[in-house]
Amino acid sequence: MVHGWAWLNFAWFASAYDNDDVLYRIVTLVQIAGVLVLAAGISRAFEDDDWVAVVLGYLIMRLAMSAQWLRAARNAEETAERTMALRYAGGLLLCQVGWLGLLFLPAGGRGWLFLAMVVLELCVPAFAERQHQSSWHAHHISERYGLLTIIVLGETVAAATVAVKSGIDEHDALGELIPVAAGGLLIVFAAWWIYFVVPVHGHLRSNRQGFLWGYGHYLVFASAAAIGAGLEVAVEQAVGKAHISTLAATSAVTLPTALFLITVWALHARHFKVGVAEQVVLPAAALLVLCCTFLGDPGVLVAGLVLALAVAAGVVLTARRASREGSRPASAAT
């Protein structure tokens, strides 16, 4: 989560201050090096409770980001803009002191410190920009978030593919896996369609809208990743490798799928829907997907079919609305 937050922070900075010169590129490469150090230490952090590499990697990333903000402050033309940039730099540096505490606290206190530092990190942008808004570009921001969503959905497909291949190779259970695989593909493809069906950058016109939309994407990313993990669980349950109930395995897919639908609807889809029929498609689909949890073995497949029908309903309703608006006189259409 923390390294994803760091890169999203960088996306907002780059939208406003990316001049693509030599120094900017070098500092960006330092941030990439920090990610590599952090990624190398994740397994040791969770398996051996050794947080040194994770904290060090994150520290490298955030020190580089602070340097970028200090450079922006030095070149700022307005006092308010300079103050904003200094608040960003100071807030990030202060947070790093807290993250270093993970290396010294006993194991029982690290979880609480981690949660506290996450909250503080999330508060830095709101604190820094409360009097002056950075000149981020809505189209650029929506594009970066969209790319990250594609990456997460791609990882979901990859994880599910590996699980299905393993199930076939080790258990020769093609018949049991076809419904899960088909349903999983329908879910992921529909999730991609639903997320990108409207250009959301037109909705991001202020910090309030932008920050709520940006923070809300943690649920989008988390639910999309959880769909992949859930499909792996469903595959393992189908071949008898996971000793859990069908209800539990199916819910591992349907619950994050429903959360994805509701979150995407709340963040941007609802702002572009006209009329009750268009508005209820995604919430109704989320409810039906939850109901699929109780269908037993076909639950994942039926959930995929529900999402396919939701996409089809959305396309039909939008086309009908466009046809009605196109048939009106110019004065009525406007």
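Select R87 and F127: R87 lies over the face of the F127 ring, at 5.1 Å from the ring centre. A charge counts as over a ring if NZ of Lys or CZ of Arg is within 6 Å of the ring centre and within 35 degrees of the ring normal. This is a predicted model, in which local features need pLDDT of at least 70 and side-chain atom pairs count only at pLDDT 80 or more, while totals for chains, interfaces and linings use all residues. Residues are numbered from 1 along each chain as its sequence is written, and side-chain values use heavy atoms, with hydrogens and water left out.

Next, select residues 107-128, helix α5. Helices (H or I, at least four residues) are DSSP runs, numbered from the N terminus. Helix α5 has 22 residues and reaches 32 Å from its first C-alpha to its last, close to the 32 Å expected at 1.5 Å a residue; the expected span is 1.5 Å times one less than the number of residues. Colour R110, L113, M117, V118, E121, V124, P125 and A128, which are buried in α5 (under 20% relative accessible area, 1.4 Å probe, protein chains only).

Now show the aromatic rings. The structure holds 17 aromatic pairs, counted where ring centres of Phe, Tyr and Trp (its six-membered ring) lie within 6.5 Å. In one of them, F13 and W69 have ring centres 4.8 Å apart and planes at 75°, so the pair is edge-to-face (planes over 60 degrees apart). F13 belongs to helix α1 (residues 2-17) and W69 to helix α3 (residues 52-74), so the pair ties together parts 56 residues apart in sequence. Both F13 and W69 are buried. For an aromatic cluster, select W12, W136, Y145, F211, W213, Y215 and F221.

Stay in helix α3 for Q68. Q68 counts as buried because its relative accessibility is 2%. Leaving out residues up to four places away in sequence, Q68 touches F10, F13, Y24, V27, T28 and Q31, where contact means heavy atoms within 4.5 Å.

Move to helix α7 (residues 174-195) and helix α8 (residues 207-238), whose axes come within 9 Å and cross at roughly 170°. The axes are lines fitted to C-alpha atoms over the stretch in contact, with angles from 0 to 180 degrees between N-to-C directions. That crossing makes α7 roughly antiparallel to α8 (an angle over 145 degrees). Residues that meet there include L177, V180 and I187 in α7 and V220, I227 and L231 in α8.

Finish at T149 in helix α6 (residues 138-171). T149 counts as buried, at 1% relative accessibility. Its contacts, again without residues up to four places away in sequence, are Y195, H217, V220 and F221.

Definitions and conventions: Helix = DSSP H or I, 4+ residues; strand = E, 2+ residues; numbered from the N terminus. Buried < 20%, exposed > 50% of the residue type's maximum accessible area, 1.4 Å probe, protein only. Phe/Tyr/Trp six-rings, centres within 6.5 Å; stacked < 30°, edge-to-face > 60°. Parallel < 35°, antiparallel > 145°, perpendicular 65-115°, else oblique.
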